[in-house]
Amino acid sequence: MILKNAKIYSEGLIRKGNLLINNDIIAEITFNQIDTHLKKFVKKNKDGKEVDCENKLILPGIIDIHSHLRDMGQCEKETFLTGTKAAAFSGITTVFNMPNTIPPAITSDQIKLWMEKAENNICVDVGFIAGVPKELNEEEIKFIIDLGIIGFKIYPLDSINDIDWKDPKNLQKLLKISSKFQVPIFIHASYPLSKDQKDLKIQEFNSGKRNILEYHSRFDPITAEEKYVNLIIENYKEYIDVNNLNPHQYPKIHFCHVSCIESYSLIKRTQISNKNFKISFEVTPHHLLLSYNIKLSNENFGKVLPPLRGEEHNKFLFNELMEGNIKLIGTDHAPHTLDEKAQKFLEAPSGFPGFETYPLLMLKKVFNFQLSLARFVEVASENPAKFFNLRNKGFVKEGYDADLIIVDKVNDYMIDPQNFKTKAKFSPFEHFSTNVQIWKVFLRGIEINIEDSNPTGKIIKKMI
């Protein structure tokens, strides 16, 4: 296939050019003497297909490192097919999938079933993040790692494996696993409130004197996020010191969806204190773009964990993104049914779909000169590929997978959740507009944002 008459973003530059795809990969790119090279491409083009890109912009496919594809006992919320179709139509060509399935993905047998269910039912490439086996059974952990999982996830608020993630002994055992196998630990950073603290917050809510989403932020407060980040970092440093590790042996930890100035600053200070620490973090589009003051038709559409924070936090985080200090974005795509979101606020689950708003809103910032294209491509594609060793992905380069999106700037239009491909047709961005058109999306050279396309996604497996 030839993609001709395009603007191609590669190695930090946008240049007019043509791109040849053969055998699933980017075979050649030319930027000069376009007509001359196009004739040569025609002779080399194995499938004979040509696409006139009409001067639209080619970018690397987006890699979303945090999503919940559901399925596995939660098909009413989402399936592998509907979730990855939503990703495909959004320009997201690779996603990482979290383990809160039913039953939870904490055994090698369950993870095998999880992966088997995905086979032939995914429209984009999927990497799997496992839960931790009960009692931190190292033999079972090794079986799980051998299946090719990307990493392990811990969730201290409601552990899916009955392990107390506040206990330093358990954290030290987990860090040992990460160090030994060099496997990342994905961390939802929030220190659980005591029963008395929860009861007090419920009393506050029932008093009816507060913005509901602001209340939600108080129920899962900034102090709890900062406290848990600090707990992990202190245990991380202790494990390294006690075991006298060299940098090659340092554990790998990744903080999910950092939402506030305090925890962000603590992580950044730690990273700066030792450049060898294998510590990374992500920020979500909603924590970059929204605050708890947003006006919604249903406040539950904005209920998420960690909660939306005050405006000072999302403005600070977006500025850090512009400055290049945030390296990774993950949507935390978390679909639920409308019936679930119609419940009373305290009973409604946290989370909302994120695939189909992320590229439209972040690229709008690019097209409106509020964020550089280079910065967007770094956090959306290049850095995820580098941080998680996704070979041949994340870049528009010869020899790389032909995972590509072609985008264009158009007149403003409203984002309508009713048009989403995900089953979860609601969004806290329900009244937002965009000027971004996702024109074509390719996975290894196969166009995937068309209704009758067959699922061609593969399971990404980390090789130890």
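The side chains of Lys-134 and Asp-162 are joined by a polar contact of 3.4 Å; a polar contact is a pair of N or O atoms within 3.5 Å, where within protein one must be able to donate a hydrogen and the other to accept it, and residues adjacent in sequence count only if both atoms are side-chain atoms. This is a predicted model, in which local features need pLDDT of at least 70 and side-chain atom pairs count only at pLDDT 80 or more, while totals for chains, interfaces and linings use all residues. Residues are numbered from 1 along each chain as its sequence is written, and side-chain values use heavy atoms, with hydrogens and water left out.

Lys-134 sits in the loop between strand E8 (125–131) and helix H4 (138–146). Helices (H or I, at least four residues) and strands (E, at least two) are DSSP runs, numbered from the N terminus. With a relative accessible area of 47%, Lys-134 is partly exposed; buried means under 20%, exposed over 50%, and partly exposed in between (1.4 Å probe, protein chains only). Leaving aside neighbours within four places in sequence, Lys-134 is in contact (heavy atoms within 4.5 Å) with Ile-106, Asn-161, Asp-162 and Ile-163.

Ser-67, in strand E6 (residues 62–67), is buried, with a relative accessible area of 0%. A polar atom of the Ser-67 side chain lies 2.8 Å from the backbone oxygen of Phe-96. Not counting residues up to four places away in sequence, Ser-67 touches Val-95, Phe-96, Asn-97, Met-98, His-333 and Phe-355.

Strand E11 (residues 252–255) and strand E12 (residues 278–281) run parallel and are joined by four bridges; two strands pair if DSSP finds at least two bridges between them. Phe-255 has Phe-281 in E12 as its bridge partner. Together with helix H9 (residues 261–273), E11 and E12 make a right-handed β-α-β unit: with the strands pointing away from the viewer, the path from the first strand over the helix to the second runs clockwise.

Helix H10 (residues 285–289) contains His-286, which is buried at a relative accessible area of 3%. Not counting residues up to four places away in sequence, His-286 touches Val-304, Leu-308, Thr-331, Asp-332, Phe-352 and Phe-429.

The structure holds zero disulfides, a disulfide being a pair of cysteine sulfur atoms within 2.5 Å. Cys-256 is buried, with a relative accessible area of 2%. The closest cysteine sulfur to that of Cys-256 is in Cys-260, and it is too far for a bond because the separation is 14 Å.
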